[in-house]
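I opened this model to look through the ligand site, a central strand and the nonpolar core. My notes follow in the order I looked things up.

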Amino acid sequence: GFRMGIVGLPNVGKSTLFNALTRTASAQAENFPFCTIEPNVGEVAVPDPRLYALADIAKSKQIIPTRMTFVDIAGLVKGASKGEGLGNQFLANIREVDAIAHVLRCFEDGDVVHVDGRVDPVSDAETIETELIISDMESLEKRLQNIVRKVRGGDKEAIQQERLMKMALEALNEGKPARVVEVAEDDLKAWRMLQLLTSKPVLYVCNVAEDEAATGNAHSEAVAKMAAEQGNAHVVISARIEEEISQLDAEEAEMFLSEMGLDEAGLDRLIKAGYNLLKLETYFTVGPKEARAWTIPVGTSAPKAAGVIHGDFEKGFIRAETIAYDDFVGLGGEQAAKDAGKMRAEGKGYVVKDGDVMHFLFNN
Ligand code: GDP
């Protein structure tokens, strides 16, 4: 599955957020085999009202949302790249996630110590980014040395790697993250293999005080401006509120939200933003037994999408019967869509679209 790492300086609200995320996920989806894999790793259901609409029409017995994994990566402090705090162990954890949710303290509270003695989320963001930049630089310098011999020997792969490493270093040396480097289509695979911390997409999570959850504040506005300049995403949420909501049942939660002037739980927005950040989309399989959502990267072909369900589906792929979500719901179900000529037979070259209801035919 896809993994988001929650990072941030100490005392910004990471654990509060992580606990709220995992608790809400387990409470909301009763049929959903939620698990906390490790104390700091949790799977959450991706909120998607379309799944419930489909299940309603098909009278599906079970509803199974698609999932995303969150990892609470504690231990980042100034100097981590030099081994301070959990240092390198922490950085290794970041290497393994697909994207970063960077929690920034945007709440004032004299009782909660700020590591630098003042609330300044933009500066905090820079502190962390600097650590990641230094870490990437050091790992690249090492790796460049390791491939020198292969490059001299004319190894094509090594030559490509060296070229990409140097492109990354050029940006990093200017204090910029590797994500600003424009990489040609042909180089993308090798680029990803470099697993640079600063090439991962970032979502800033502005943790504001309870009474500012609906409006944001000057701190979160400063973060929004920074995020826009960098081309990164941001969401405003109050971890404290989310923690409270996570202890309520669905009905109570809705009342609480409307009292706070919020139309959607912050966690739902966070999960959705993460999904968008990773350029993921959803297709559905729908029947009387179950309605289920599946995650694929945007641009996935039908056989690859089938492979998410089972490897055999991809290997033996014959064709897909496909109904667009709007047709399925608008016409009132599979048979009606079929009668209206809205069920399409699609071959190997079909690129699955967000919301497609899919039925795969395959050889065993
Ligand atoms: P972490 O070190 O980043 O994981 O931070 P924690 O989640 O442990 O939070 C640190 C402290 O800040 C805890 O005492 C939280 O209750 C408190 N905290 C977290 N979010 C908020 C918030 O939105 N407002 C206030 N006033 N305190 C918060």
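**K14 and its surroundings**

I started with K14. Leaving out residues up to four places away in sequence, K14 touches I6, G8, D72, A74 and V103. I kept in mind that this is a predicted model.

K14 lies in helix α1. Is K14 buried or exposed? I counted 25 other C-beta atoms within 10 Å of K14, and the cut-off for buried is 20 or more, so K14 is buried.

I then checked S15. S15 also has its place in helix α1. S15 has 17 C-beta neighbours inside 10 Å; buried needs 20 or more and exposed 12 or fewer, so S15 counts as partly exposed.

I looked up the UniProt record next. The unreviewed entry puts a "binding site" at N11, V12, G13, K14, S15 and T16.

**The ligand shell**

How many residues surround the ligand? I found 16, and the closest are G13, K14, S15, T16 and D109. Two elements give two or more residues to this shell: α1 (14-28) and α8 (239-245). The most come from α1, with three residues. I sorted the shell by class and got six nonpolar, seven polar and three charged residues.

**Strand β6**

I moved to strand β6, residues 99-105. Seven of its seven residues are buried. Which residues point which way from β6? A99, A101, V103 and R105 point one way, while I100, H102 and L104 point the other. Side chains in a regular strand alternate between the two faces of the sheet.

I checked the partners of β6. Strand β1 (residues 3-7) runs parallel to β6, joined by four bridges. Here I6 has A101 as its bridge partner. Strand β7 (residues 202-207) is also parallel to β6, with six bridges between them. On that side, I100 is paired with V202.

**The nonpolar core**

I looked up the largest nonpolar core. This core has 87 residues, and I6, L104, L203, Y204, V205, C206 and F284 touch the most other members. Helix α10 (residues 266-277) supplies the largest share, six residues. In soluble globular proteins, nonpolar side chains tend to be buried together.

Not counting residues up to four places away in sequence, Y204 touches H102, L104, A125, V223, A227, N232 and H234.

**The TGS span**

Last, I checked a domain entry. UniProt lists residues 279-362 as "domain: TGS", in an unreviewed entry. The end C-alpha atoms of this span lie 27 Å apart. I noted 31% helix and 37% strand for residues 279-362.

Key
Residues numbered from 1 in each chain as written. Predicted model: local features only at pLDDT ≥ 70, side-chain atom pairs only at ≥ 80, totals over all residues. Near = placed C-beta within 6 Å. Nonpolar A, V, L, I, M, F, W, Y, C, P; charged D, E, K, R; others polar. Pairing = 2+ DSSP bridges. UniProt positions renumbered as here; feature names shortened; annotations may be inferred. Core = buried A, V, L, I, M, F, W, Y, C linked by C-beta atoms within 7 Å. Contact = placed C-beta atoms within 7 Å.
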